[in-house]
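Hi everyone, thanks for coming. Let me put the structure up, and then we'll walk through a few parts of it.

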Amino acid sequence: MKNMKNELNLYKESAVCFKIAVCQQKVRQTKSENLAAASKAVKKAAELGAHIVVLPEMFVCDFVPENMRENAEPAEGETVDMLKSAAHDNDIWLVGGSFPEMAEDGRLYNVCPIVSPDGRTVHFYRKTHLFDVDIKDGVVSAESDVFTPGNRLVTVNTGFVRLGIAICYDIRFPYVFTGLAKLGAKLAVLPAAFSAGTGSAHWETLIKARALDSQMFVAGACSAYSEETRFKTYGHSMIADPWGRIIVSAGSGEEIITADIYINEADQVRRELPVLKHMREDFIKKT
């Protein structure tokens, strides 16, 4: 039997790679403070050599219902203006975490903008699965009281990798990630504000599981833990490879983590263990 782990390490010698950075930011008191902190973090990530930079979910404000409408803005508002400038000034692809988008019809979406190095917003992903839970002695959340769910998967071709976008609670739904893989993604980026209460139990397991399901790299960017916010987030951002191994992980505080991504590893795993090819979509539809 082949030793795939060793083969993957050897495969890196001839593979083209790029660097991804995850900025684990804590949420500050005002939107302006958060935008300024994110801009600085993106600059630092670029200085570390990153080609793709990922920010956390809802990095502009504390993740509590009353803050969402107060901080909502159009898709092309001040948050996206900052992200465009940061991407252009640092010549990087920027996955802009998420912010509360006010649509023209008045509905709110938890939206992630993806910005190219020339400062263009090439896509928006609206969070599909909303975090409505009531865990005994734990987390209580009703995201659907505020947001409308999105209804489509989003991938973006950067020229050197096709990446898929998901947000936080989406990670609990394997079909999101296999769906992104079927659309050609080999890297999934996941801005998140994963709760401190469920993070220690499930975060790492879910990152690994979705990497294994989809046989691609998964980069989870969770906001840092902070005593200053009402909604306590877990931190521990991490990046997994298509074999389900954690490449790098953060602690609970503010931090930037980076990883060199040899994207051909996804091809290698998919070729030798063709799970995606063997998926019985006709069977799934019948059931």
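**Starting with a helix**

In α2, the buried residues are Lys 31, Asn 34, Leu 35, Ala 37, Ala 38, Ala 41, Val 42, Ala 45 and Ala 46; buried means under 20% relative accessible area, exposed over 50%, partly exposed in between, with a 1.4 Å probe and protein chains only. Before going on: this is a predicted model, where local features need pLDDT of at least 70 and side-chain atom pairs count only at pLDDT 80 or more, while totals for chains, interfaces and linings use all residues. Residues are numbered from 1 along each chain as its sequence is written, and side-chain values use heavy atoms, with hydrogens and water left out.

Back to α2: this helix covers residues 31-47. Helices here are DSSP runs of H or I, at least four residues, and strands are runs of E, at least two, numbered from the N terminus. So what covers the buried residues of α2? The cover includes β1, β2, α4, β3 and β15.

Okay, on to the cores. A nonpolar core is a set of buried Ala, Val, Leu, Ile, Met, Phe, Trp, Tyr and Cys residues joined through side-chain atoms within 4.5 Å. The largest one has 48 residues, and Ile 20, Ile 52, Leu 187, Val 189 and Trp 203 have the most contacts inside it. There's also a second, separate core of 35 residues, with Val 60, Leu 83, Leu 94 and Phe 231 among them.

Last stop: Thr 121, in strand β6. Is it buried or exposed? Thr 121 is buried, at 18% relative accessible area.

Note on methods:
The expected span of a helix is 1.5 Å times one less than its number of residues. Contact means heavy atoms within 4.5 Å.
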